[in-house]
Amino acid sequence: RIAASLSSVPVQQEPCTAFACLPFPAPTAHALAKSLETPMIAAGVPSAVQASVVEANIPSPANIPSLAAGVPAPAARLLDSAGSGEHGGAILPGPQATETSVFQVYPTEMLYASIDKGQLGVNMGTEEEGKAHNRSMALYRKYSQALSDIDLRAKMLAALRKKCTKVPGCAEDTMSYYAKFLDIEQKAAAPSRPLAVELLSVRHGLLQHRPGNSFYLFAAGEQLEILGSMDRNDTILRNSVEALKGALISDSIVGVFDDVTRYKAWELIITTLQRIGDVPAAKIWMSRARATGYPWHSMVQLPYPRMFHPGFEAKPFWKCRDAEHLAYLCRLLESNYATIRSELELALRTFGEGGSGLISSTDSTTLVSRGNWTQIKLAGDDPQTKALVWRPELCAPDGGPFARTCALLRGQNRFASAITGAAKFYLLDAGSELKPHCGQGNLRLFMQLGVLVPQGVVMEVGGERRSWQEGKVLIFDDSFMHGVVHSGSSVRVTLSIPVWHPDIYHRFAHR
């Protein structure tokens with residue numbers, strides 16, 4: 001076990017010797033409001049934030065505390081030069097945390113989790129410190145329970161909103177729970193600007209506790225990107241890039257990120273710079289990524305390296321005739337379009353407005369910058385075997401609303417193994433936008449049958465634009481940067497199935 005050598009804020013100070021250093025001292029609501037220039041904190045009523053919050057309320061890069069004061073001097077100099085020069089250099093993760101620094105660099109939530117599992121030991125010098133520790137752990141366990149208990153989570157969120165928006169504010173652990181609950185809310189529904197602003201405020205509150213913390217910087221950068229995409233605001237998006245740069249620089253001092261978080265920071269920096277039209281800076285950061293070890297060929301194809309095969313044929317859109325299994329599935333879907341559409345329309349009428357019990361949020365709601373994007377999930381993959389698991393309540397032959405559609409896709413022949421991961425209808429409301437992003441791998445392609453397709457829906461993949469047609473299949477590689485704009489007047493529905501990339505399909509084909 002690691003003995004508790006606790007650190008106060010900022011990290012440059014001498015380590016504490018007592019557990020009383022956690023939770024860290026709380027910023028007052030007044031200080032937080034001054035930092036953010038956000039009326040919701042000063043007023044103490046987060047839920048009352050209006051959609052009219054203007055650009056001036058969002059911090060500029062210079063005012064992001066982590067970049068202004070919290071990055072150690074060597075990293076700050078590296079950050080200052082990060083965008084200069086024709087070619088950028090590598091930003092490699094730093095050494096792992098030591099017994100002395102572990103409490104400096106990891107969020108309290110992660111520390112409490114490790115303590116609760118017995119992975120970290122703590123030394124309490126006094127009886128009062130022991131009592132404080134027990135109170136903190138009791139709150140952490142209640143928070144952990146609330147992650148899977150909707151009613152308890154709602155009660156705790158209401159209490160945290162009340163506590164954290166009044167003087168003297170919240171301790172770091174309490175504020176981190178507040179942020180997690182808001183993040184869950186944000187990922188469970190259509191975009192909400194008041195919620196996005198509230199979560200951004202809490203993210204910056206955590207940075208006041210520990211300026212320059214890698215995790216808090218990354219989370220703030222993600223949230224700025226979400227808000228900037230909602231507002232179509234290049235200034236906010238650039239702020240996001242600055243925070244994400246700071247996160248990578250901070251991680252280069254003490255390596256705390258896992259591979260996925262580190263990858264996501266790089267991918268967001270490069271894609272966001274392209275979205276705001278700063279292609280020269282995107283090229284520099286692409287060069288830095290390659291120097292760091294990322295195997296990317298193109299700025300518009302940035303998948304997760306462990307799920308990326310650089311030797312596979314790469315193009316944004318594919319044709320049905322490009323591979324035998326693609327041709328078979330195109331014929332199957334297009335020849336049965338009328339059946340698929342009739343089952344969908346009947347199910348939507350039967351389940352009524354909102355499709356309760358039928359329609360659910362997607363797994364990627366934060367990709368929606370405007371409007372709403374939902375799904376009807378027919379099948380998903382088993383977490384252990386990765387085999388497709390079809391939902392009996394939707395696919396049962398004796399009464400499932402999508403019995404015939406499921407039967408078509410489940411047909412046993414030599415192409416049965418072509419589908420991988422899921423089968424679902426995607427519903428995109430009129431006026432919605434899916435922001436440009438890259439999928440995590442190039443081992444699969446997406447085949448989408450246009451089922452209900454109004455005019456005015458355009459997808460851009462790798463710089464090429466296409467539109468769906470009713471009764472026709474559109475095939476694309478989602479490892480390329482892609483997004484959708486729906487300027488039509490009614491919902492667009494596609495039947496989407498991921499299939500193995502032609503360069504790897506032979507390993508899974510039934511012979």
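Reader: What makes F476 the bridge partner of F317 in β11?

Author: In this predicted model, F317 is bridged to F476 of β11. Strand β1 (residues 317-318) and β11 are antiparallel and share two bridges; strands count as paired if DSSP finds at least two bridges between them, and strands themselves are DSSP runs (E) of at least two residues, numbered from the N terminus. Residues are numbered from 1 along each chain; local features need pLDDT of at least 70, and side-chain atom pairs count only at pLDDT 80 or more.

Reader: Which residue of β11 is the bridge partner of F446?

Author: F476 is the partner of F446. Strand β8 (residues 444-452) pairs with β11 in the antiparallel sense over four bridges.

Reader: Why is R232 called exposed?

Author: The relative accessibility of R232 is 51%, and exposed means over 50%, buried under 20% and partly exposed in between (1.4 Å probe, protein chains only); R232 therefore counts as exposed. R232 lies in the loop between α11 (214-231) and α12 (234-253). Side-chain values use heavy atoms, without hydrogens and water.

Reader: Why are α6 and α9 called roughly perpendicular?

Author: The axes of helix α6 (residues 108-116) and helix α9 (residues 172-187) cross at roughly 100 degrees and come within 9 Å. Angles of 65 to 115 degrees count as roughly perpendicular, under 35 as roughly parallel, over 145 as roughly antiparallel and the rest as oblique, so α6 and α9 are roughly perpendicular to each other.

Technical notes: Axes are lines fitted to C-alpha atoms, for helices over the stretch in contact, and angles run from 0 to 180 degrees between N-to-C directions.
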